[in-house]
Amino acid sequence: MGAMSKVRGSTKNQSYPQTEGMLADTVQKFGRGLGHQSDFGKALCDAADAFRQMADVKYQLEDNVKHNFLDPISDFQNNELKDFNAHRNKLKSRRLDYDAKKRKQTKEDELVQAEEKLEESKQLTEKAMYNILNNDVEQITQLKALVEAQLDFHQQTLQILENLKSQLGSRVFDLVLISRSCIFVLEHCLRFVFFWGLVFLVTTTLVFIFKHEIDHSIPQRQEKVENGHHHPVDEDHSDELSLNVFETYTVLVKILCLKPMLIMVVVLLTGKIGGTYMTLLNTLNNLGGNWPVTLFLSITDFFNRKNCVAKSSKIVLGVCTRKHEEELCKAGGDVCEFVVDGYYISVAICVVVGLLWYRIFYRRIKYFQKIPRQEWRRFLIRSAASRSFNAVRTMRVVPIPALHDNYMYLIVDDQQPKGERLAAIVDPVDVDKIFKTVKEEGALLQAALVTHHHSDHAGGTAELAKVAAASSSACAGLVKAPLCIYSGDAARVHCTDKVLGDGQTAALGPLLHIQAMYTPCHTSTHVCYYVVDQRTNERAVFTGDTLFVGGCGRFFEGTAEQMHCALNERLAALPDETMVFCGHEYTVANLQFALTVEPSNDTIRRKLDWAMAQRCGQQMDSAIHNWRGEAA
């Protein structure tokens, strides 16, 4: 009790510092010393704020203990318990007095008086004891308040530390992204832009300085020397060919089709003559590299602007930009001079196109540079996996983005003609988008498959059932009655028509076989749907919030053992060719987190580059995956 009295007295004015408060002051001092430009300094200031909050919470705890526990116990000690002890001591003394007078056989009056005092003390002592016993409920309640104050203190401390952990995690994540972006800019963009920008400026400046047009207003005559005498030569270009771009390439094709050329090609293709095979490849490469130059020159000609100027003067007779105008001008003995050189306009356009191309395709090109060449084909196969999957006639899966990062999936049975195709929707959330897609696909909605009860997956079941049941609804013609809503939890998924147990099946048309796979952990009744096309043996699994690309769902209602069973025993047992359709687009975030845990893992880095390339291309392939690729 003495120790509690010391604590009680010391919390009265908060004159002493808490350990957390001292730590906060020290950490904040170092954080401010590093400056506002330091990310570590900012993190230290965040930690100092959290430690200071913990100190304040501790002060609140001590005040709470003082007012709700220590003060009542002190009052009990100083008042009721003290009164009881006083009455008990008086009772003892009066009993001794009564016993002494009784042994001495004192007068009857004194003995009766002593007995009355003894009885009075006995009654007072019993009353004080009764008051103490009656206060047990109140005192236990005060002890319960002490425990609740301790629990509230630890909960607040935990929340403060969780917030600090989240802030520090966000800072780490931002720094990783910033560092990668800085490295990317420094190592690639700046080097590329500065070098080629400098080359471009130097070359265009030199062309601008040294490229001059002939001034045709001054008569110019060519001379030839014969026997030491200079003789004027008239310009005669009658022996020159005037061919446009198309005519030039036509002549080239005709040359290649000549019999001697064909024989040479056959000899070169045999590969028996040293390096002539590479010569042929270089020839083809040159032909392929010439067409951009030809295109550029064609654009240049398009932007050229010329005037017809009278020879030996500066009188402008008209425009001669087009070929026939130029021929007419030259036929009259005049000269076509440039007014606007299309070269500079073409260069500006090509620079803009190049920058746009660089901005759009950089990530994908960078990804191809990082991975081995033999992986290129696998990348193209993965990118086309969903398209090749949907190329199958019987079953087609249409991803429908919903909410912030959710995906609904429309499973369509394509064996029927348009307008009669049966369809099922996985995780209906946005009813308007569902029926819009059903109408576009020319299908009739027959079923809904709900993986779990969370509102971002099952939030549209009630509205879907209402719309399907209303015969006057605008969407009534898009429903194959009766619409059946399947789930694994009728108590928490509204309007469930049938609960599919583990291994139970449903059908979409005569050929699509749907099997429920219980994967409890994210929720206790989570279901994945495994769909098999009986005709083509194509397979797909819709994993909801159990499996994502690069991660898995949170353990809201389950354990790690259950998630291990769901991922590594149930889903991993599916055939390698099974297509995986995830409930959220968490691919980039999952892989970025994985990279912070294992920064040297090249597999994760390549996967992240692939996902970023998919996102830049605004494709949904990163949420759709081949099971073999995910298992790898």
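What follows is a short chat about the disulfides, sheets, salt bridges and surface of one predicted model.

Trainee: What kind of model is this, and what limits apply?
Mentor: This is a predicted model, where local features need pLDDT of at least 70, side-chain atom pairs count only at pLDDT 80 or more, and totals for chains, interfaces and linings use all residues. Residues are numbered from 1 along each chain as its sequence is written, and side-chain values use heavy atoms, with hydrogens and water left out.

Trainee: Okay, disulfides. What is one, anyway?
Mentor: It is a covalent bond between the sulfur atoms of two cysteines. The cut-off here is a pair of cysteine sulfur atoms within 2.5 Å.

Trainee: How many does the structure hold?
Mentor: Two. Cysteine 308 and cysteine 329 form a disulfide, with sulfur atoms 2.0 Å apart. Cysteine 320 is joined to cysteine 336, S to S 1.7 Å.

Trainee: Where do cysteine 308 and cysteine 329 lie?
Mentor: Cysteine 308 is in strand β3 and cysteine 329 is in helix α9 (residues 323-331), so the bond ties together parts 21 residues apart in sequence. Helices (H or I, at least four residues) and strands (E, at least two) are DSSP runs, numbered from the N terminus.

Trainee: Why is the disulfide of cysteine 308 and cysteine 329 right-handed?
Mentor: Because the torsion about its S-S bond is about 90°.

Trainee: And where are cysteine 320 and cysteine 336?
Mentor: Cysteine 320 is in the loop between β4 and α9, and cysteine 336 is in strand β5. They are 16 residues apart.

Trainee: Is cysteine 320 buried or exposed?
Mentor: Buried, at 0% relative accessibility. Cysteine 336 is buried too, at 14%. Buried means under 20% relative accessible area, exposed means over 50%, and partly exposed is in between (1.4 Å probe, protein chains only). Cysteine 308 and cysteine 329 are also buried.

Trainee: What pattern do the disulfides follow?
Mentor: 1-3, 2-4, counting bonded cysteines along the chain.

Trainee: What about the six-strand sheet?
Mentor: That sheet is open too, with mixed pairing and the order β6-β7-β8-β9-β10-β11. Four bridges join β7 (residues 406-413) to β8 (residues 421-426), running antiparallel. Tyrosine 409 in that region stands opposite valine 426 in β8.

Trainee: New topic. How many salt bridges are found?
Mentor: 13 across the whole structure. The rule is a side-chain nitrogen of Lys or Arg within 4 Å of a carboxyl oxygen of Asp or Glu. One of them joins arginine 396 and glutamate 441, at 2.5 Å, N to O. Arginine 396 is in strand β6, and glutamate 441 is in the loop between α13 (431-440) and β9 (443-449), 45 residues apart. Both residues are buried.

Trainee: What does aspartate 414 form a salt bridge with?
Mentor: Arginine 421, with the closest N and O atoms 3.5 Å apart. Shared partners join Arg396, Asp414, Arg421 and Glu441 into one network.

Trainee: Last one. Which residues make the nonpolar surface patch?
Mentor: Leu198, Val202, Leu206, Phe208, Ile209, Phe210 and Tyr344, covering about 730 Å². Patch residues have over 30% relative accessible area and no salt bridge; like charges are joined within 9 Å, nonpolar side chains (Val, Leu, Ile, Met, Phe, Trp, Tyr) within 5 Å. Areas come from the Shrake-Rupley method with a 1.4 Å probe, and for residues only the protein chains shown count as cover. The largest share, six residues, comes from helix α5 (residues 136-210).

Definitions and conventions: Pairing = 2+ DSSP bridges.
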